[in-house]
Amino acid sequence: MNTRQDKFNKAMVETPPSGIRKFFDLLIGHDDVISLSVGEPDFPTPWLMREEAFYHLEKGQTSYTSNRGLVELREEIARYMERYGCYYNPEKEILVTVGASEGVDACLRAILNPGDEILVSTPCYVNYTPLANLTGAKAIELDTSSTNFYPTAAALEKLITPKTKALMICSPNNPTGTIIPKEELEKIAKLCIKNQIWVIADEIYCELIYEDEKHTSIASFPGMKDYTIVLNGFSKSFAMTGWRIGWVAAPEDLIGQIVKLHGYNTICAPIMSQYAAVEGLRHGWSEVEKMRVSYQQRRNLMYKAFCDMGLKVPEPKGAFYMFPDISSTGMSSNDFATALLEKHNVCVVPGAVFGSGGEGHIRCCYATAIDKIKTALDRIADFVKEC
């Protein structure tokens, strides 16, 4: 007998909803809850970028753009990527997307066939594995919890098979804030060239790096441009989450395939968002730096607090997340997050939703006001004592 679900796409039915949004939805109607859950800056988009969008709206510039995005935006993106030793032709090798998330989906669909395998370094952002599985490919997770939460070439090599088509990495990482060291990244690059494997490099947090750490793009190593897909955007560093504006940089032949899907699916990113992004890349870097410094101060506060609680936690080198180990409480990450919300009105994300190596941890986002962070940390400390 047919069921209602038989009328739906089987792969979609089997795909779980986002674990992050599940906990975020629990906040609706509860103003007394402090959220450390969703990775969204608490800053408004810098005024100079908002003003630029207003200017173009007032001029009536509300049309479609080229599928690939405004030429001037692609040119600014190309100039920006040169900072990291990456050289892309803005006409043929850069595509403006509706956020970096669209870029993830489009890239995966452009390179993966049913039966292919993609290696995913975990814990990781929640959309990588589901989107890969929806292509009919198989996501093979690499648990990095035993290697300081970043992938190593030695560990990756053990997972490579004739079916391996791609590797998905994110540095700085969501949810841990860790960075893949340059020396290890170079080893990974050589491994991928040797095995002719695509690397999808999510660099959305690359401007939010602390202390003396420096961002290195895997695309900058000799020979890697031909094997690398760089994803980036404006949501995190420029506080533009709602503007939905990102980009993909990749070899010309691959961009040509991705553009087809992008054209059918979204046509183009919003034109006012694109103009605001141009202004940000040209004149908004002092604002980015102010936000980065503020996040670093909040990171220091949160890191000390978790250490004082006696919880093990990797010190984040970038992004705006912390991933404390709560296994000493004897609770699963889901039970811990649920009880913390119910008893102390603090919302965090259970580590299990981020894949292998995430269980026994919680993700706490420190992109919120310091007074709220302090209150939330006091409540978490009380809860840990109760466990």
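## Close-up views of rings, a helix and salt bridges

The structure holds 16 aromatic pairs, where the rings of Phe, Tyr and Trp (its six-membered ring) pair if their centres lie within 6.5 Å, with planes under 30 degrees apart counting as stacked, over 60 as edge-to-face and the rest as tilted. Please keep in mind that this is a predicted model, in which local features need pLDDT of at least 70 and side-chain atom pairs count only at pLDDT 80 or more, while totals for chains, interfaces and linings use all residues. Residues are numbered from 1 along each chain as its sequence is written, and side-chain values use heavy atoms, with hydrogens and water left out.

**View A. Tyr80 and Trp285 form a stacked pair.** Their ring centres are 5.5 Å apart and their planes meet at 10°, so the pair counts as stacked. Tyr80 lies in helix 4 (residues 71–82) and Trp285 in helix 11 (residues 285–308), so the pair ties together parts 205 residues apart in sequence. Helices (H or I, at least four residues) and strands (E, at least two) are DSSP runs, numbered from the N terminus. Tyr80 is buried, with a relative accessible area of 7%, and Trp285 is buried at 18%. Here buried means under 20% relative accessible area, exposed over 50%, and partly exposed in between (1.4 Å probe, protein chains only).

**View B. Phe336 meets Phe383 edge-to-face.** The two ring centres are 4.9 Å apart and the planes stand at 70°, so this pair is edge-to-face. Phe336 belongs to helix 12 (residues 333–344) and Phe383 to helix 13 (residues 370–386), so the contact ties together parts 47 residues apart in sequence. Both Phe336 and Phe383 are buried.

**View C. An aromatic cluster, and charges over rings.** Tyr80, Tyr84, Phe234, Phe238, Trp247 and Trp285 form one aromatic cluster. The charged end of Arg83 sits over the ring of Trp285, 4.2 Å from its centre. In the same way of counting, Lys225 has its charged end over the ring of Tyr88, 4.7 Å from the centre. A charge sits over a ring if NZ of Lys or CZ of Arg is within 6 Å of the ring centre and within 35 degrees of the ring normal.

**View D. Helix 10 is largely enclosed by the rest of the structure.** Of its 13 residues, 10 are buried, including Ile271, Tyr275, Val278 and Leu281. These buried residues pack against helix 3 (47–58), helix 4, strand 2 (94–97) and helix 11, with contact meaning heavy atoms within 4.5 Å.

View E. The structure holds 14 salt bridges, each a side-chain nitrogen of Lys or Arg within 4 Å of a carboxyl oxygen of Asp or Glu. Glu287 bridges to Lys290, the closest N and O atoms being 3.4 Å apart. Glu287 is partly exposed at 27% relative accessibility, whereas Lys290 is exposed at 55%. Arg292 pairs with Glu289, with closest N and O atoms 2.9 Å apart. Both residues lie in helix 11, three residues apart, about one turn of the helix.

**View F. Asp325 and Lys312 link distant parts of the chain.** Their closest N and O atoms are 4.0 Å apart. Asp325 is buried at 13% relative accessible area, while Lys312 is exposed at 61%.
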